[in-house]
Amino acid sequence: MPTLNWIGKEAVVNHHREVPYHLLRCDEKLSVGDPGSGNLLVQGDNLLALKALLPYYAGQVKCIYIDPPYNTGNENWVYNDNVNSPEIRKWLGQVVGGEAEDLSRHDKWLCMMYPRLALLREFLTQDGVMLVSLDETELANLRLILDEIFGKSSFIGSFVWNTRNTDNRVKTYLSPDHEHIVAYGRSKGVSILGRRIDRSDFKNPDNDPRGPYVTDPLTGKATAAERPNLHAYSMEQPGTSNVWKPDPAKGWITDEAGYKALLAENRIWWPPNPTTGKPRKKRFLTETQERMPASSFWTEFRAISGAKEVGDIVGERVFAFPKPLSVIQKVIDHCAPPGSIVLDSFAGTGTTAHAVLAQNKLDGGKRRFILVEMDEGIAPGVTAHRIRKIIEGYNDAPSLGGGFRFCNLSHPIFDENGQINAEVRFADLAAHVFFTETGEPVPKRPSGKQPSPLLGVCNGTAVYLLFNGILGDKRPGGGNVLTSRILDDLPAHDGPKVIYGEGCRLGAARLKRAGITFKQVPYEIKVS
Ligand SMILES: C[S@@+](CC[C@H](N)C(=O)[O-])C[C@H]1O[C@@H](n2cnc3c(N)ncnc32)[C@H](O)[C@@H]1O
């Protein structure tokens, strides 16, 4: 398989593994509505934010939609990742400029995108789908790195949508009037839901007791030489003299026996004007699947301005090119079933959150969103502001309900000496330990339940954490040391156990008898 090379590639292909885990802290003042709605907006660089979110959401997200900088040369984005490579350290903090003055512009974009895409894939469910908006500037590069990260056979397709109805000739006589949304599955064989059938297309002009129907052609695709039995009869409308001979180049879709069966079941629709129309087959709504294969070509959005939509909500034109709500709502409808989690790590004005809430309102779904936006001004001032307005209702638009938590990135979980940061609470370390031990998110405790040293069970092995005096501080080390008494007090598990704690006073034989692997905090916790 062909692969792409660029300056800095070697330094970034595994960079997502080295990114330190940070704490996430909720800002109550910027959070809105029901805090238990499961929706989240994180302000921070998405490389750090995604790593911080991973212990909670790995393998849980059905649909990722991102709209990263297109690298057009006009966006003023900055390459800022803390990658330890002399070759690319000199890029840090510099605004990525236009084609002529910045020869490494595409290398920087690829270095920025690669670790983020690698991290994003880890969030997807086995049947999850990732969609990336882009124009032609980096399209070819994106496809090659997605082939590398997701596997070439995970490519589902590319939606092309018509972005404008005015002339967009800038430097040449070609007016680029479309953008792409590239879709990859988590792995090979993942498909998307497709588009919904339009129920209003189904009618019942002859009051058929089977209900509304549409009609499909009865004309076939084979010549008389190829399929003589599909040309061997004419269709005759009962009670009339109307007769239709088979088209010599196409024949019918069924042989005479099949035609007679359709006739007996009153499944043939006869055209009101026999000279212009042809008989067709009834397909009833009750027999039709809810979804059809999605078309890759979207023409209906050409006259919609995302900037105007956002301006109408937040009161001014605050953002250059937000996506039209209906484009992202179509993505959600095609790729995120009603109970799923949707992630957007380049959130901008929060169109994805708006689309999730609007689609839930439309079909009664309970989708949740996770958004990440880096810009300190945009995240609270535009993204959170817009989502608040749509949750609470604005102008004549009714409230879409729900709520979200606004979070900031806080300290790293481990300091530079590998010690646990003083800010870290039991729940923070629990999520980290369970995830790095099992690769899965820590199971949620029912709300109102006290935290437990038994974090959860994965593949038959129970994972325990003794930290921050979880069992009360009358015991040695505040209950952080595994002693005989503490072992007796731990919630039981009939099977192997991994216990993380500050120390262990039990001998090797006792640990073996009890099926315990002991791991010392912090030294045996994986830090990245
Ligand atoms: C093209 S805009 C997204 C617009 C969005 N789809 C909408 O409809 O409003 C890209 C956004 O990603 C943000 N961004 C760029 N780099 C980022 C990063 N490393 N982490 C998080 N956000 C980032 C930018 O601040 C910008 O708001």
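1. Arginine 116 forms a salt bridge with aspartate 45, with 2.9 Å between the closest N and O atoms; the term denotes a side-chain nitrogen of Lys or Arg within 4 Å of a carboxyl oxygen of Asp or Glu. Because arginine 116 lies in helix α5 (residues 105-123) and aspartate 45 in the loop between β3 (40-43) and α3, the pair ties together parts that are 71 residues apart in sequence. Helices (H or I, at least four residues) and strands (E, at least two) are DSSP runs, numbered from the N terminus. A search of the whole structure returns 24 salt bridges.

2. The model is a predicted one, in which local features need pLDDT of at least 70 and side-chain atom pairs count only at pLDDT 80 or more, whereas totals for chains, interfaces and linings use all residues. Residues are numbered from 1 along each chain as its sequence is written, and side-chain values use heavy atoms, with hydrogens and water left out.

3. The domain assignment divides the chain into domain 1 (9-194 + 293-412), domain 2 (199-287) and domain 3 (426-520), the bounds coming from an automatic or database domain assignment. Taken over C-alpha atoms, the centres of domain 1 and domain 3 are 37 Å apart. Their contact, meaning heavy atoms within 4.5 Å, takes 9 residues from domain 1 and 9 residues from domain 3.

4. Between them, domain 1 and domain 3 bury about 740 Å², of which 62% is on carbon and sulfur atoms; buried area is the accessible area (1.4 Å probe) that two parts lose on being put together, summed over both. On the side of domain 1, Tyr21, Pro55 and Tyr56 lose the most area to domain 3, and together they account for 59% of what that side buries.

5. The rule finds 1 salt bridge across the interface of domain 1 and domain 3. A salt bridge also joins the side chains of aspartate 428 and arginine 25, at 2.7 Å from N to O. On the side of domain 1 that touches domain 3, the elements giving two or more residues are β1 (22-26) and α3 (46-57), and α3 supplies the largest share, 4 residues. By class, that side has 7 nonpolar, 1 polar and 1 charged residues, where Ala, Val, Leu, Ile, Met, Phe, Trp, Tyr, Cys and Pro count as nonpolar, Asp, Glu, Lys and Arg as charged, and the others, Gly among them, as polar.

6. The ligand is surrounded by 16 residues, the closest being Asp67, Lys323, Thr349, Thr351 and Glu373, with a heavy atom within 4 Å as the criterion. A polar side-chain atom of aspartate 67 lies 2.7 Å from a nitrogen atom of the ligand. For threonine 351, an N or O atom in the side chain is 2.6 Å from an oxygen atom of the ligand, and a polar side-chain atom of glutamate 373 is 2.6 Å from an oxygen atom of the ligand.

7. Two backbone details may deserve a check. The peptide bond from valine 521 to proline 522 is cis, with omega near 0 degrees, and proline 522 is placed in the segment after β24 (516-520). Asparagine 207, in the loop between β8 (195-196) and β9 (213-217), has phi near 50 degrees, a positive value in a residue other than glycine.

How values were computed. A polar contact is a pair of N or O atoms within 3.5 Å; within protein, one must be able to donate a hydrogen and the other to accept it, and residues adjacent in sequence count only if both atoms are side-chain atoms.
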